[in-house]
Amino acid sequence: MKARMVSEVSLADIAEMRRRPGFAAAMRLHARAIVTLFYGNSLLNVLMNDRARAIFMLVALYLHVGGRDGDGPGLTVGALKDLCVALDLCSRGRCEAMLALLRAAGYFEAVPHADRRRRLLAPTEKLFALQHARWLAHVGALEKIDPSARRHRAVLDDPAFVRAFVRELGGPYVAGFRLLDHAPDLCLFVDRNAGLPILFALALEGPEEGPFPPVAPVRLSINALATRFAVSRKHVLTLLRDAERDGLVLRGPEQDRITMLPRLRDGFESLLATILVYVSRAAERASVEVGAAELAS
């Protein structure tokens, strides 16, 4: 295991992104897209939270394309277990259980191999469609800041670009980079089932013409959030009570209002800035890699 590479996105990178014109609009668009994606994956939401699912699938795709150099072992049950354990993502048993459920749901399939001892798997079109939608959410947000980012949208259907993009997204993560390195206050939401979509939904309750994330109190309905994200009222209440205990939100002054406090708004912006910098750089490197390969062929 390599040392943690925490410099993939620096504090200076985050600060610069947060200063960019269009950043608030990019955050709003990205939040809305992630909430929509959560709705469209009811089965997967039962299996694992959004963060765990995204990481698990990225790691699986990373193995599928052969890792950083493209010549790794491929996506096998054993290789995925080993990597999940090395990354402290989950236990070997939990990995196999999740993989079995995802296979049953049609996201992975077994592929024949000359060596029958190798349990080789491949992601299906269903999985690529799910990831494509997530990547489009990132690119759409980037376009609010830099219109030239639309060139990435055009190549997301190119298999060569996708392979390179997966390597560039997965490589830093496997090396130790984490999106929450500079937004630790959001761990409370990210590690809970539906936590991040609930946070995004609350932020989206603010007025369209106002700041994002909102500064003023926004409408809060525990019942509506529980129903909307298919979790219990107790789950939502516990999440918000823990957030209030940690100084991230403030309930009131009316019973149906909640305020995102400065630490939470700062973490919100830092996380979204980190995602946009990270994805933008991965796309740029993938484009260079594909271009170089085309010139060499």
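**Notebook: helix packing and burial**

I began with a helix pair: the axes of helix α4 (residues 50-64) and helix α5 (residues 77-86) come within 10 Å and cross at roughly 130 degrees. I am working from a predicted model. Angles over 145 degrees would count as roughly antiparallel, and 65 to 115 as roughly perpendicular. α4 and α5 are therefore oblique to each other. I then checked the hand, and α4 passes α5 in a right-handed crossing.

Next I asked which residues make the contact. From α4 I listed F56, V59, A60 and L63. From α5 I listed A79, L80, L83 and C84.

I moved on to helix α1, residues 11-19. Which of its residues are buried? I found D13, I14 and M17. Seen down the axis of α1, these buried residues fall within an arc of 100 degrees, so they line one face of the helix. I noted the general rule: an α-helix has 3.6 residues a turn, so residues three or four places apart point the same way. I also looked at the face of α1 turned away from its buried side, and there I found the exposed residues L11, A12 and R19.

I counted 14 helices and five strands. Of the 297 residues, 51% count as buried. The chain exposes about 13,800 Å². Carbon and sulfur atoms supply 56% of that area. I also looked up the contacts between residues at least 6 apart in sequence, and 69% of them join residues at least 24 apart.

Terms used. Residues numbered from 1 in each chain as written. Predicted model: local features only at pLDDT ≥ 70, side-chain atom pairs only at ≥ 80, totals over all residues. Heavy atoms only, no water. Buried < 20%, exposed > 50% of the residue type's maximum accessible area, 1.4 Å probe, protein only. Helix = DSSP H or I, 4+ residues; strand = E, 2+ residues; numbered from the N terminus. Arc of directions from axis to C-beta. Contact = heavy atoms within 4.5 Å. Areas by Shrake-Rupley, 256 points an atom, 1.4 Å probe, with all protein chains shown as cover. Axes fitted to C-alpha atoms, helices over the stretch in contact; angles between N-to-C directions. Parallel < 35°, antiparallel > 145°, perpendicular 65-115°, else oblique. Left-handed = near helix turned anticlockwise from the far one by under 90°.
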